[in-house]
Amino acid sequence: MGHEFELPQEALVEADPGAVWEAISTGPGIDSWFMGRTEVTGGAVHTTFGGFALPESTVTAAEPGKRFAHGSTPGEDGRFVAYEFLIEGRDRGSTHLRLVTSGFLPGDDWQDEFEAMSRGMEMYFATLVEYLGHFAGRAATPVTEFGPPVGDWPRAWELLYAALGGLPSPGDRVRFGPGPVEGVVYFRNSQTLGIRADHAIYRFLQGFHGSMIAAHLLFEDEREGERRPGWLDELYANGT
């Protein structure tokens, strides 16, 4: 059966159109808010996440400071994902940014995948807005870690929230992990959590294939990442 979808998102960001363009159309820019590592070369967008290569996405529109679009070629089952960014400069160096994610998910069990994609894109777009407001022009080092398999997602989130001092809301200051890390929660939904620190963005996502994923973005010395590996294993040492 399958499902055709369209997910529009928009925000007014405190960055000029040039900074927004760099963030959405270049590899280092995309690395600083999306997932894993990305290269934009030869009219195509190549992304790897956790060691896995996503399908190549062909650039279909590139109007600097105005519009950037790319999408994957539909597979034999019709699956594809496409992204369109629209940029409009506003007063005082701000920009209205609109992202429309669209595509087709095949199969009769598309609902769970669509839910995971929707919650994930909410997080990624919120991260893009946060990046442009606090780190625009800087390139992040993505650090991705997969935790142990999760069998009870409510319990997994309960343990993570407990490590932060309780159920967090956007705007709350939290501390967690070795170090410890201190930051402000900038986004939370049913499957993701985002925390902005002074020199990094820390994100936790409910992996579609059964593991909690740490998808962090480090804006300073890469040694900062040495404090993160293994933390999810410690958090879930007694199982979920």
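A polar contact is a pair of N or O atoms within 3.5 Å; within protein, one atom must be able to donate a hydrogen and the other to accept it, and residues adjacent in sequence count only if both atoms are side-chain atoms. Helices (H or I, at least four residues) and strands (E, at least two) are DSSP runs, numbered from the N terminus. With these terms, the start of helix H4 can be described. Asp152 caps the N-terminal end of H4, with a side-chain oxygen 3.2 Å from the backbone nitrogen of Arg155.

The structure is a predicted model, in which local features need pLDDT of at least 70, side-chain atom pairs count only at pLDDT 80 or more, and totals for chains, interfaces and linings use all residues. Residues are numbered from 1 along each chain as its sequence is written, and side-chain values use heavy atoms, with hydrogens and water left out.

Helix H4 spans residues 153–163. Six named residues of H4 are considered here for burial. Buried means under 20% relative accessible area, exposed means over 50%, and partly exposed lies in between (1.4 Å probe, protein chains only). Trp153, Ala156, Trp157, Leu159, Leu160 and Tyr161 are buried. Contact means heavy atoms within 4.5 Å. The cover over the buried residues of H4 includes strand S11 (181–188), strand S12 (192–196), strand S13 (200–206) and strand S14 (211–218). Helix H5 (231–235) is also part of that cover. After H4 comes Gly165, whose phi is positive, near 100°.

Arg155 counts as partly exposed because its relative accessible area is 35%. Glu158 is partly exposed too, with a relative accessible area of 46%.

Gly210 lies in the loop between S13 and S14. With a relative accessible area of 15%, Gly210 is buried. Gly210 and Asp152 are 58 residues apart in sequence, yet their C-alpha atoms are 9.5 Å apart in space. Leaving aside neighbours within four places in sequence, Gly210 is in contact with Pro148, Pro149, Val150 and Trp153.

The protein chain is assigned two parts, domain 1 (3–135) and domain 2 (141–238). These bounds come from an automatic or database domain assignment. The domain centres, taken over C-alpha atoms, are 22 Å apart. In the interface, 23 residues of domain 1 are in contact with 25 residues of domain 2. The two domains bury about 1900 Å² between them, 72% of it on carbon and sulfur atoms. Buried area is the accessible area (1.4 Å probe) that two parts lose on being put together, summed over both.

Across this interface the rule finds 1 salt bridge. Glu130 forms a salt bridge with Arg196, and their closest N and O atoms are 2.6 Å apart. Helix H3 (residues 110–134) gives the most to the side of domain 1 that touches domain 2, with 14 residues. By class, that side has 9 nonpolar, 6 polar and 8 charged residues. Here Ala, Val, Leu, Ile, Met, Phe, Trp, Tyr, Cys and Pro count as nonpolar, Asp, Glu, Lys and Arg as charged, and the others, Gly among them, as polar.

The structure holds 11 salt bridges. One of them joins Glu115 to Arg119, with the closest N and O atoms 2.8 Å apart. Both residues lie in helix H3, 4 residues apart, about one turn of the helix. Glu115 counts as partly exposed because its relative accessibility is 33%. Arg119, at 17% relative accessibility, counts as buried. The side chains of Glu182 and Arg175 also meet in a salt bridge, at 3.1 Å from N to O. Glu182 is partly exposed at 44% relative accessibility, and Arg175 is partly exposed at 48%. Glu63, Arg67 and Glu84 are linked in a network of salt bridges.

Ser72 is found in strand S6 (residues 67–72). Ser72 counts as buried because its relative accessibility is 16%. Not counting residues up to four places away in sequence, Ser72 touches Pro55, Glu56, Ser57, Phe80 and Val81.

How values were computed: A salt bridge is a side-chain nitrogen of Lys or Arg within 4 Å of a carboxyl oxygen of Asp or Glu.
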